[in-house]
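Could you look over this model with me?

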Amino acid sequence: MPRILRVECAECGALLFVYLKMGEGRLWHCWKNRILRDYTVREGGEVRCPRCGGLVGLDKGAFINLKQRAVRITR
Ligand SMILES: [Zn+2]
């Protein structure tokens, strides 16, 4: 079942993505075509929190590789 997840900054709690998750298991990367809302700031290939500026992931083209310790996932 698809689920809508909120991906938040673990440091400051700012909302980073609203994401449509397909299937079970941990969210390791965000496919760009399943990101419903994107609040992050890009610096080259780096994906950063819009509030605290923390590095939350790396832009890999078709998807964003999340730094697991930098994000918090909620339903
Ligand atoms: Zn933050």
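Below are my notes, point by point.

1. Ground rules. This is a predicted model, so to speak a computed one: local features need pLDDT of at least 70, side-chain atom pairs count only at pLDDT 80 or more, and totals for chains, interfaces and linings use all residues. Residues are numbered from 1 along each chain as its sequence is written.

2. The five-stranded sheet. Here you'll find an open sheet with the order E3-E8-E7-E6-E5 and antiparallel pairing. Strands (E, at least two residues) are DSSP runs, numbered from the N terminus, and two of them pair if DSSP finds at least two bridges between them. E3 (29-31) and E5 (41-43) are at the edges with a single partner strand each, so one side of each has no neighbour in the sheet. From one strand to the next, the twist averages 30°; axes for this are lines fitted to C-alpha atoms, and angles run from 0 to 180 degrees between N-to-C directions.

3. A closer look at one pair. Strands E6 (residues 46-48) and E7 (residues 55-59) run antiparallel and are joined by three bridges. Find valine 47, and you'll see glycine 57 of E7 opposite.

4. The four-stranded sheet. This open sheet goes E4-E2-E1-E9, again with antiparallel pairing. Its edge strands, E4 (35-38) and E9, each pair on one side only. The twist averages 20° from one strand to the next. Six bridges link E1 and E2, and arginine 3 has lysine 21 in E2 as its bridge partner.

5. The core. The largest nonpolar core has 12 residues, including Phe17, Tyr19, Val47 and Ile64. Such a core is a set of buried Ala, Val, Leu, Ile, Met, Phe, Trp, Tyr and Cys residues joined through C-beta atoms within 7 Å. E1 (3-9), E2 (15-21) and E8 are the elements that give two or more residues, and E2 gives the most, with three.

6. Lysine 67. Which loop holds it? Lysine 67 is in the one between E8 (63-66) and E9 (71-74). Lysine 67 is partly exposed, with 14 other C-beta atoms within 10 Å (20 or more would be buried, 12 or fewer exposed; C-beta atoms are placed from the backbone). Not counting residues up to four places away in sequence, lysine 67 touches Leu55, Val56 and Gly57, where contact means C-beta atoms within 7 Å. Tryptophan 28 is 39 residues away along the chain, with 8.1 Å between the two C-alpha atoms.

Note on methods: Two residues are in contact if their C-beta atoms, placed from the backbone, lie within 7 Å.
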